[in-house]
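Please read the following points with the sequence and the structure side by side. They are written for someone meeting a model of this kind for the first time.

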Amino acid sequence: MTPWRRNRRLPAAGRWLRRMFLGCSLTCAALLTACGTPSSSGGAPPAATSVPASSSLPAPAPASLPSLIESVPGEAEPQLPANVVDYQGEQVTIASIERIVSLNGDITEIIFALGMGDYVVGVDSSATYPPERTKTLPNIGYQRRLSAEGILALNPTLVIGDETAGPPEALAQIRAAGVPLAITADPPTLDAPALKIRFVAQALGIPQRGERLAVQVEAEIARARDLANRITNPPHVLFLYLRGTDVQQVAGLRTPIDVMITAAGGLNAGAEAGIVDFKPLSPEVVIAAQPDVILVLTKGLESVGGVDGLLTIPGLADTPAGKQRRIIAHDDLYLLGMGPRTGQALAELAQEFYEIAAQEK
Amino acid sequence: MSAASTIQTSATLQHRSGWRRIGLLPALILLLLASMTLGASIGAVAVPPEAIGAILLKKIGILIDVPVSTQQEAIFWTIRLPRVLLGMLVGAALAVSGALLQGVFRNPLADPGLIGVSSGAALGAVAVIVLGISSFGLMTLPLAAFLAGAATTFLVYRLAQRHGRTDVATLLLVGLALNALAGATTGLLTYLADDAQLRSIVFWTMGGLGGALWETLLIAAPWIGLALLVAPRLGQALNLFALGESEARHLGIDVERVKRAVVLLAALATGTAVALAGPIGFIGLIVPHIVRMIAGPDHRLLLPACALGGASLLVLADLLARTMAAPAEIPVGLITAFAGGPFFLALILRARRQYGWG
């Protein structure tokens with residue numbers, strides 16, 4: 001385990017910290033113990049292939065840990081009521097954060113990273129991080145297919161999410177029921193993590209803490225991009241969105257993964273082949289793209305039966321990526337969530353691309 | 001149809017004219033009231049019937065001594081009541097459209113999908129999703145679905161018309177062809193859709209009443225209400241239609257007018273229903289069958305009974321849809337198909353035994 005992979009356990013430590021934050025007598029020693037405990041890591045599963053770890057970049061300094069926001073005296077209590085301007089320019093006033101329902105996985109992750117996870121009473125099915133907490137919380141269904149009734153039944157004092165939450169009718173019903181509904185913008189750029197963190201923190205009445213986390217995440221992203229800039233011969237990366245044999249799509253320009261691949265020092269082979277948005281996978285696209293590496297989501301790879309299943313997709317086996325069995329798989333929320341772990345995900349991708357680039361030289 | 005079957009038809013009408021015919025409508029009204037009360041009270045947050053009473057009385061200024069939380073009140077007014085009312089309207093619209101079309105096609109398999117309204121509406125909805133149109137806010141999708149559904153039906157009707165007359169068999173075949181065309185176009189758009197759009201399409205195609213708002217209800221109510229009020233007036237004409245089209249004409253029925261009215265009413269009711277709740281299958285098919293099994297084929301009774309029965313059935317199906325996996329929701333179209341499929345199979349097998357098919 002690299003020191004950096006160990007970091008993904010952080011929400012556990014974050015919970016410890018929150019208790020400290022709330023005045024529990026937790027010493028720094030206890031904190032260190034918490035960090036060192038080999039508790040289960042729920043983050044991105046390791047890459048699916050054995051990309052040789054020989055020629056690697058200098059290991060990045062352990063990234064600053066999102067949930068390890070040190071408390072500053074006088075800021076412990078959320079300042080309520082809080083006011084926040086949502087993505088449509090409407091002002092939302094939040095009087096209480098006692099019961100929070102989070103509509104999207106990335107927003108849930110941010111709330112936990114801010115150390116406010118104990119107030120969450122409901123999450124959607126895309127919330128997979130931190131796993132040990134999100135699994136046990138009441139599930140309100142899929143973020144794009146929410147039901148207002150299920151959400152209101154949890155008696156929330158705040159419903160918070162990003163603009164992918166829907167359908168709009170359900171949101172209109174929640175608003176009509178008089179529950180504060182705070183929806184943040186979620187632009188498909190690397191500005192999104194900090195923007196969403198600041199929004200969530202503002203809504204929870206802890207703007208300073210949010211500011212510190214946002215700055216940390218921005219710094220991590222910047223560091224990861226520095227790593228990426230050292231890649232001189234960027235590998236061609238083909239991202240495949242897979243759900244079994246029925247849904248197989250290639251990511252082109254204007255997709256969140258395009259932003260990630262480019263920022264991590266790769267070339268999006270889909271975009272190079274002239275694809276915009278997601279388009280169905282075809283052997284021609286694969287041959288035109290000639291990827292050096294194939295990037296997939298962990299669940300997508302499972303849905304086609306692992307690496308062997310993936311390579312039976314027509315055309316793939318004959319590409320450089322297929323011949324070398326260079327397939328990278330990452331967790332959905334980790335890679336595409338644009339949440340607090342974006343910097344880590346970018347750094348990990350950059351590392352992987354760097355290793356592939358080194359092999360290609 | 002021969003004279004023998006004419007006699008048989010009227011004999012059947014008379015045979016069933018006992019208590020079943022008299023008792024059916026009051027029983028269905030009670031069933032609908034019970035379904036609505038159940039639908040409004042059961043859910044992730046329970047609003048017991050006495051609380052519903054208290055909430056309703058409070059609205060008109062009478063306070064009674066029943067504990068009601070503000071949460072219950074908010075859920076009842078903003079979610080449950082619009083939802084139950086929409087379920088009622090949509091269920092009634094689908095069942096009555098089904099009964100009308102089965103009557104005019106003289107075919108028990110006819111359902112509102114036949115005249116292209118569902119596939120047209122699906123095309124409109126998918127186009128809005130894939131092309132990302134949102135000119136009319138929340139109403140864009142229902143509006144596009146309704147217009148596309150109505151346009152497809154109009155096209156089916158016009159293409160089937162020749163020398164001012166519409167041959168029912170041609171209507172059926174033209175409907176089939178246009179359904180295939182609309183389906184192919186929908187397929188093409190689906191192929192072009194990205195991941196998020198695909199999911200929206202899939203969920204829309206399964207149907208659901210979750211989007212019920214007072215606004216949508218106010219838009220739906222006049223159209224569906226109009227269709228439901230006018231439909232029973234066609235009852236006598238459809239009874240004569242059962243004898244055969246030319247027989248009906250000889251008996252003084254303006255068959256072209258009846259056909260036009262049926263297609264128009266079915267398109268109006270189904271189009272509005274599909275636009276707001278997505279395609280919900282089987283209601284239009286099974287409700288008329290159930291009613292006929294209980295009270296015989298008299299359309300004067302069949303049409304209002306279908307309205308009440310369809311409304312109750314959909315409200316109950318929706319109740320199942322949102323409680324089975326609470327707090328998440330199963331699309332109600334899946335529930336009606338799960339219940340409707342086996343029912344329909346049983347119906348076919350029964351008919352086979354009765355009439356000695358196969």
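1. Gly235(B) belongs to helix H10 (residues 235–241) of chain B, where helices (H or I, at least four residues) and strands (E, at least two) are DSSP runs numbered from the N terminus. Gly235(B) counts as partly exposed because 18 other C-beta atoms lie within 10 Å; a residue is buried with 20 or more other C-beta atoms within 10 Å of its own, exposed with 12 or fewer, and partly exposed in between, the C-beta atoms being placed from the backbone. Leaving aside residues up to four places away in sequence, Gly235(B) touches His299(B), Arg300(B) and Leu303(B), a contact meaning that two C-beta atoms, placed from the backbone, lie within 7 Å. Between the C-alpha atoms of Gly235(B) and Ala110(B), which are 125 residues apart along the chain, the separation is 17 Å.

2. This is a predicted model, in which local features need pLDDT of at least 70 and side-chain atom pairs count only at pLDDT 80 or more, while totals for chains, interfaces and linings use all residues. Residues are numbered from 1 along each chain as its sequence is written, and chains are lettered from A and ligands numbered from 1 in the order in which they are written.

3. How confident is the predictor in chain B, as told by the mean pLDDT? The mean pLDDT (the predictor's confidence in each residue, from 0 to 100) of chain B is 86, and 94% of its residues reach 70 or more. Among the elements of chain B, the lowest mean pLDDT, 49, belongs to helix H1 (residues 3–15), and the highest, 94, to helix H14 (residues 299–323). Over residues 1–8 of chain B the pLDDT is below 50, and this stretch has five contacts in the model beyond near neighbours in sequence. The model as a whole scores ipTM 0.72 and pTM 0.76.

4. In chain A there are 17 helices and twelve strands, and buried residues make up 53% of the 361 residues. Of the contacts in chain A with a separation of 6 or more, 68% are between residues 24 or more positions apart.

5. Strand S1 (82–85) of chain A has a covered face, with Ala82(A) and Val84(A), and an uncovered one, with Asn83(A) and Val85(A). In a regular strand the side chains alternate between the two faces of the sheet. S1(A) pairs with strand S2 (residues 91–94) of chain A in the antiparallel sense over four bridges, two strands being paired if DSSP finds at least two bridges between them. In this pairing Ala82(A) stands opposite Ile94(A), and in the hairpin, which has five residues between the strands, Gly89(A) takes a positive phi near 85 degrees.

6. Strand S12 (residues 327–330) of chain A is covered on both faces, with Ile327(A) and Ala329(A) buried on one side and Ile328(A) and His330(A) buried on the other. S12(A) pairs with strand S11 (residues 293–297) of chain A in the parallel sense over four bridges, and Val296(A) stands opposite Ala329(A).

7. The peptide bond from Leu80(A) to Pro81(A) is cis, with omega near 0 degrees, and the one from Gly166(A) to Pro167(A) is cis with omega near 5 degrees. Arg106(B), in the loop between helix H4 (70–105) and helix H5 (117–131) of chain B, has a phi near 50 degrees, a positive value in a residue other than glycine.

8. Where do the chains meet, and what do they share? In the model, 24 residues of chain B are in contact with 27 residues of chain A, and the elements giving two or more residues to the chain B side are H4 and helix H8 (195–206) of chain B. Not counting residues up to four places away in sequence, Val90(B) touches Leu209(B), Ala273(B), Leu276(B), Ala277(B), Ile280(B) and Leu314(B).
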